[in-house]
Amino acid sequence: MLHVLYLVHDLSDPATSRRVVMLKAGGAAVSLAGFHRDREPAREVAGERPIGLGRTHDGRFAQRLAAIAGANLALGPKFRHVSKPDVIIARNLEMLVFARRLRAQFGGDVPIVYECLDVHRLLLRRDGIGLAMRAAERALGGNAALLITSSPAFLREYFAPRGQIGAPVLLLENKVLELGPVTNTAAQNAPVPGAPWRIGWFGALRCRRSLALLSAFTRRMQGKFEVVLRGRPAYSEFDDFDATVAAEPHMRFEGAYRNPDDLAAIYGAVHFAWAIDFFEEGLNSKWLLPNRLYEGCRHGAVPIGMDGTETGRFLESHGIGALLAEPSADALTALLGSIDATSYTDHRARVTAKPDNTWICGPADCRALVGRLEGLTRARTKDKVLEAAA
């Protein structure tokens, strides 16, 4: 059985649990280690007891550097009882530091996979800090055996033109992981006359501009639309998230949710899914294909995307969704202000007509992932045989 050591920057990120489940469903054994962002460390993630490396804080890069340095000093003892893995997956740049150190500790011949599902804004700066960060990524990931990323735009706009990582690429979109039989979601109807249309903004809530835009739009529409927010607010990105939302007459924050357990319920209770993110505007936010895009469409919510982004291109290529021409309340009013039951039903029918595998990652995808990782170990064995014969 393939043994994967998975190193992550945030054990509480739902993407961490999803990837662990995916690896195990594909037939791999998983050892998990990483930092935590919540107040208390994670005791269990997808059935695995993780090795904790300490706590980091969102948006505090200096603190993260200090945490990385501290964890690096104690790395040896923490992994003393971990058997040698067949593959090490490092999620995000900082985990490549530990991957390289641990590979040396385990014997120096373990393939390293670099998983990058977001390009951090520091990597995109044009000053000395950005140059140093990109140089560090090239140095740390230069001998990676595989690059895993979630959007073709990351390859097209960042990795390829800058020559950051020369490894083969595996594109793993942020699809909804479903290992059981695929079932149809419950029918979603347009609101009864007089009831508001609901826009769901779910997941990582970090975009101040989205909050302002949705606030201006819902106030203008005077109750015809309301916005429901669910997930994990990045409080460092807002002046006062809770007070701002509480003061809005047509917006409400309903707290965190369990992913994937609550997805059908929360998306089934809204008509539209907000798939726009202006965080790191023009860079990472323009290139990503967010979780909420796949989650919303899987459960029949009509996605709202931004024209000129990778999400917009995705929606256009599939002939679905509502595309916002510019980030303004005027444009959003023009896009949605005249929606009625007939036009909404047509929008939703185009979404639900798509094949399930457009939105869903299933058992076959899990096996394919593990098979790709097993291929790295076979390549390593072949290289060692050739070296011995030379």
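Reader: What does the face of α6 turned away from its buried side carry?

Author: That face of α6 carries the exposed residues A160 and P161. A residue is exposed when its relative accessible area is over 50%, buried when it is under 20%, and partly exposed in between (1.4 Å probe, protein chains only). The model is predicted, so local features need pLDDT of at least 70 and side-chain atom pairs count only at pLDDT 80 or more, whereas totals for chains, interfaces and linings use all residues. Residues are numbered from 1 along each chain as its sequence is written, and side-chain values use heavy atoms, with hydrogens and water left out.

Reader: Which residues of helix α6 are buried, and why are they said to line one face?

Author: Within α6 (residues 152-162), A153, F154, Y158 and F159 are buried. Seen down the helix axis, these buried residues fall within an arc of 145°, so they line one face of α6. The arc is taken from the directions that lead from the helix axis to the C-beta atoms. An α-helix has 3.6 residues a turn, so residues three or four places apart point the same way.

Reader: Against which elements do the buried residues of α6 pack?

Author: They pack against β5 (112-116), α5 (128-141), β6 (146-149), α10 (284-287) and α12 (310-318). Contact requires heavy atoms within 4.5 Å. The elements themselves are DSSP runs, numbered from the N terminus: helices are H or I over at least four residues, and strands are E over at least two. Just after α6, G163 takes a positive phi of about 65°.

Reader: What makes strand β4 mostly covered?

Author: In β4 (residues 87-91), 5 of its 5 residues are buried. V87, I89 and R91 lie on one side and I88 and A90 on the other, and both faces are covered. In a regular strand the side chains alternate between the two faces of the sheet.

Reader: How do you know that β4 is paired with β1 and with β5?

Author: Two strands pair if DSSP finds at least two bridges between them. Strand β1 (residues 3-8) is joined to β4 by 4 bridges, and the two run parallel; L7 has A90 as its bridge partner. Between β4 and β5 there are also 4 bridges in the parallel sense, with I89 opposite V113. Each count meets the cut-off, so both are pairs.

Reader: What makes the unit of β4, α4 and β5 right-handed?

Author: With the strands pointing away from the viewer, a right-handed crossover follows a clockwise path from the first strand over the helix to the second. β4, helix α4 (residues 93-106) and β5 form such a β-α-β unit. Right-handed units are also made by β5, α5 and β6, and by β6, α6 and β7.

Reader: How do you know that β6 is paired with β5 and β7?

Author: β5 and β6 share 4 bridges in the parallel sense, and Y114 stands opposite L147. β6 and strand β7 (residues 169-171) run parallel and are joined by 3 bridges, with T149 opposite L171. Both faces of β6 are covered: L146 and I148 are buried on one side, L147 and T149 on the other.

Reader: Why is R298 called buried?

Author: R298 has 9% relative accessibility and therefore counts as buried. R298 belongs to helix α11 (residues 291-298). Its C-alpha atom is separated by 8.9 Å from that of K175, 123 residues apart along the chain.

Reader: How many cavities does the structure hold, and what lines the largest cavity?

Author: The structure holds 2 cavities of 30 Å³ or more. A cavity is a set of points, on a 1 Å grid over the protein atoms alone, where a 1.4 Å probe fits but cannot get out; lining residues have an atom within 4 Å of a point. The largest cavity has a volume of about 70 Å³. Its lining consists of R18, R19, M22, L172, E173, N174, K175, L177 and C361. Helix α1 (residues 14-25) gives the most to this lining, with 3 residues.

Definitions and conventions: 1 Å grid on protein atoms, 1.4 Å probe; cavity = no way out; pocket = protein on both sides within 12 Å on 5 of 7 lines; lining within 4 Å. Points joined across faces, edges and corners; volume = space filled by probe spheres on them.
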